[in-house]
Amino acid sequence: MSASDPTTSSSATGALPQTHPNVAVIGGGTMGNGIAHVFAQSGHQVTLVDVSQEACERALAMIDKNLGRMVSKEKLTKSEKEATLERLSTAVSIQDGCKGAGLVVEAVPEILSLKRDVYKEVESVVDPSAVIATNTSSISITKLANALKHPSRFIGMHFFNPVPVMSLVEVVKGHQTDSAVVDAVMAWSEGLGKVPVPVNDSPGFVSNRVLMPMINEAIFAVYEGVATPEHVDEVMKRGMAHPMGPLRLADFIGLDVCLDILRVLYDGFQDPKYRPCPLLVKMVDAGTLGDKTGQGFYSYT
Ligand code: NAD
């Protein structure tokens, strides 16, 4: 099955998505502030929605800092930075933040019930032709779409961290996503200077289905005493030209996030090849989650 041929349903209203929509980004954390940044930098009016004024201000400060870094590297002029910031506003409620949005990108934590509640509220505010996208890294797009009255407008827009730097957007088509919505999201992603790649909804999409078994196997190699973490990473960097070894990458992603995604793959495919390594489970149980706790396969103190 190709990414463009699954069964589709017609658009909620028959109206085609807009060419340069106003964007609402829900959740201004690690991913959400980067997503708001790249849309605003590309000329979209963006409203960033988070749970409190403090959270919104933290997100804006991060965007300001990242834009400043681009100015100092001469990738952006000062006036482009100012214009980008002028296109950004914030809101502490979905009701206020999503009015007039033609595209809503959700980037709240990876909790099914939280995301579903967000979509119900979004759908009560936005125009019926608005596209609703999620940045989920592992939850089924088809299952999330189930919360909506019009699942044909729902799609995965999987950005990578750090968003302003990483060029890929994995565009994930759910079982009921309208193909006009896929086309619009592909075009909008290109407008951000990104490279969108269409994939069909399946556990882990393509990115994590390929990446996580490699990380898991690297952990098994350590668990079985084949090599130290440093040596596993050195083999993959020197021999396979990976910029970062799999264990360093696992620490960067967060070992808890890696374990959650492996469990999604294991449950989704019912295949023992995705069984999480016991060492990974043990490290997560111990609270050694990588960069964010200061200790994972490496120490960051
Ligand atoms: P995060 O915890 O850094 O940020 C989440 C933000 O959402 C926080 O600012 C929080 O205050 C806000 N939030 C929570 N509930 C909200 C609500 N009801 N309304 C508005 N805002 C709310 O999380 P993150 O790492 O940015 O991850 C967000 C999503 O992106 C997750 O689905 C995750 O799986 C996915 N993702 C993460 C990465 C990554 O490397 N961090 C990469 C790809 C995809």
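Gln270 is found in the loop between helix α11 (255-269) and helix α12. In this predicted model, the phi angle of Gln270 is near 50 degrees, a positive value in a residue other than glycine. Most residues other than glycine have a negative phi, and most peptide bonds are trans. Gln270 counts as exposed, at 66% relative accessibility.

Ala241 also has a positive phi, of about 60 degrees, although it is not a glycine. Ala241 is placed in the loop between α9 (229-240) and α10 (246-253). With a relative accessibility of 65%, Ala241 counts as exposed. A further backbone feature is the peptide bond from Asn161 to Pro162, which is cis, with omega near -5 degrees. Pro162 belongs to the loop between β6 and β7 (168-173).

## The buried face of helix α12

Helix α12 covers residues 278-285, and within this helix Leu279, Leu280 and Met283 are buried. Viewed down the axis of α12, its buried residues fall within an arc of 100 degrees, so they line one face of the helix. An α-helix has 3.6 residues a turn, so residues three or four places apart point the same way. The face of α12 turned away from its buried side carries the exposed residues Lys282 and Asp285.

## Aromatic pairs

How many aromatic pairs does the structure hold? There are four aromatic pairs in the structure. One of them is formed by Phe39 and Phe159, and this pair is edge-to-face, with 6.4 Å centre to centre and 70 degrees between the planes. Phe39 lies in helix α1 (residues 30-41) and Phe159 in strand β6 (residues 154-159), so the pair ties together parts that are 120 residues apart in sequence. Phe39 is buried, with a relative accessible area of 0%, and Phe159 also counts as buried, at 2% relative accessibility.

Another pair consists of Phe269 and Tyr274. The ring centres of Phe269 and Tyr274 are 5.3 Å apart and the planes are at 25 degrees, so this pair is stacked; the limit for stacking is an angle under 30 degrees. Phe269 is partly exposed, with a relative accessible area of 25%, whereas Tyr274 counts as buried, at 4% relative accessibility.

## The surroundings of the ligand

The ligand is surrounded by 21 residues, and the closest are Met31, Asp50, Glu110, Lys115 and Ser137. By class, the shell around the ligand has nine nonpolar, nine polar and three charged residues. Helix α1, helix α5 (112-125) and strand β6 each supply at least two residues of this shell.

A backbone N or O atom of Met31 lies 2.8 Å from an oxygen atom of the ligand. For Thr30, a polar backbone atom is 3.0 Å from an oxygen atom of the ligand, and for Gly29 a backbone N or O atom lies 3.5 Å from a ligand oxygen atom. Taken alone, the ligand exposes 830 Å², and the protein buries 74% of that area.

Ala24 lies in strand β1 (residues 23-26). Is Ala24 buried or exposed? At 0% relative accessibility, Ala24 counts as buried. The C-alpha atoms of Ala24 and Gly239 are separated by 43 Å, and these two residues are 215 residues apart along the chain.

How values were computed. Residues numbered from 1 in each chain as written. Predicted model: local features only at pLDDT ≥ 70, side-chain atom pairs only at ≥ 80, totals over all residues. Heavy atoms only, no water. Phe/Tyr/Trp six-rings, centres within 6.5 Å; stacked < 30°, edge-to-face > 60°. Helix = DSSP H or I, 4+ residues; strand = E, 2+ residues; numbered from the N terminus. Buried < 20%, exposed > 50% of the residue type's maximum accessible area, 1.4 Å probe, protein only. Near = heavy atom within 4 Å. Polar contact = N/O pair within 3.5 Å; in protein donor to acceptor, adjacent residues only side chain to side chain. Areas by Shrake-Rupley, 256 points an atom, 1.4 Å probe, with all protein chains shown as cover. Nonpolar A, V, L, I, M, F, W, Y, C, P; charged D, E, K, R; others polar. Arc of directions from axis to C-beta.
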